[in-house]
Amino acid sequence: QVQLVETGGGLVQAGGSLRLSCAASGLTFSTYTAGWFRQAPGKEREFVARITRNNGNTYYAESVKGRFTMSRDNAKNTVYLQMNSLKPEDTAVYYCAAQRRLGTPYEYWGQGTQVTVSS
């Protein structure tokens, strides 16, 4: 079956960096659009970034643009989220997801990884 496993979360001071990884099994990530989402305590889940399956174009939420970079390693069937200049408001559980077609619901989700940014 399909599994997405996120790693790389942790505790970091404001201004620091983390790199999240999402490794897929049971699907070929390059044939899916991959997305990163996050959910902070008491808040709804929000979109962070995505990388499209066809041309690898990336899109970011305004709140992370210029600080976060999403990439993909097809050989490793893994997507990444490089997070720089982290802020306390970036604290959340981060999830990766896979979407077969743009505009349709994301079909597969990981279990999430906690990112905590201290001030």
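**Salt bridges, core and sheet in a predicted model**

The side chains of Arg 67 and Asp 90 meet in a salt bridge, at 2.7 Å from N to O. A salt bridge here is a side-chain nitrogen of Lys or Arg within 4 Å of a carboxyl oxygen of Asp or Glu. This is a predicted model: local features need pLDDT of at least 70, side-chain atom pairs count only at pLDDT 80 or more, and totals for chains, interfaces and linings use all residues. Residues are numbered from 1 along each chain as its sequence is written, and side-chain values use heavy atoms, with hydrogens and water left out.

- Arg 67 sits in the loop between strand E6 (58-60) and strand E7 (68-73), and Asp 90 in the loop between E8 and E9. The two residues are 23 apart, so the pair links distant parts of the chain. Strands (E, at least two residues) are DSSP runs, numbered from the N terminus.
- Arg 67 is buried, at 11% relative accessible area. Buried means under 20%, exposed over 50%, and partly exposed in between (1.4 Å probe, protein chains only).
- Salt bridges with shared partners join Arg 38, Glu 46, Arg 67 and Asp 90 into one network.
- Arg 38 also forms a salt bridge with Asp 90, with the closest N and O atoms 2.9 Å apart.
- Arg 38 lies in strand E4 (33-39) and Asp 90 in the loop between strand E8 (78-83) and strand E9 (92-99), so this pair ties together parts 52 residues apart in sequence.
- Arg 38 is buried at 6% relative accessibility, and Asp 90 is buried at 0%.

**Another salt bridge**

- Glu 62 pairs with Lys 65 in a salt bridge, the closest N and O atoms being 2.7 Å apart.
- Glu 62 is exposed at 63%, while Lys 65 is partly exposed at 46%.
- The count of salt bridges comes to four.

**Nonpolar core**

- The largest nonpolar core has 30 residues. Such a core is a set of buried Ala, Val, Leu, Ile, Met, Phe, Trp, Tyr and Cys residues joined through side-chain atoms within 4.5 Å.
- Phe 29, Trp 36, Met 70, Leu 81, Met 83 and Tyr 94 touch the most other members.

**Open sheet**

- Four strands form an open antiparallel sheet in the order E1-E3-E8-E7. Two strands pair if DSSP finds at least two bridges between them.
- Strand E1 (3-7) and E7 stand at the edges with a single partner strand each, so one side of each lacks a neighbour in the sheet.
- E3 and E8 pair in the antiparallel sense over six bridges.
- Arg 19 stands opposite Gln 82 in E8.
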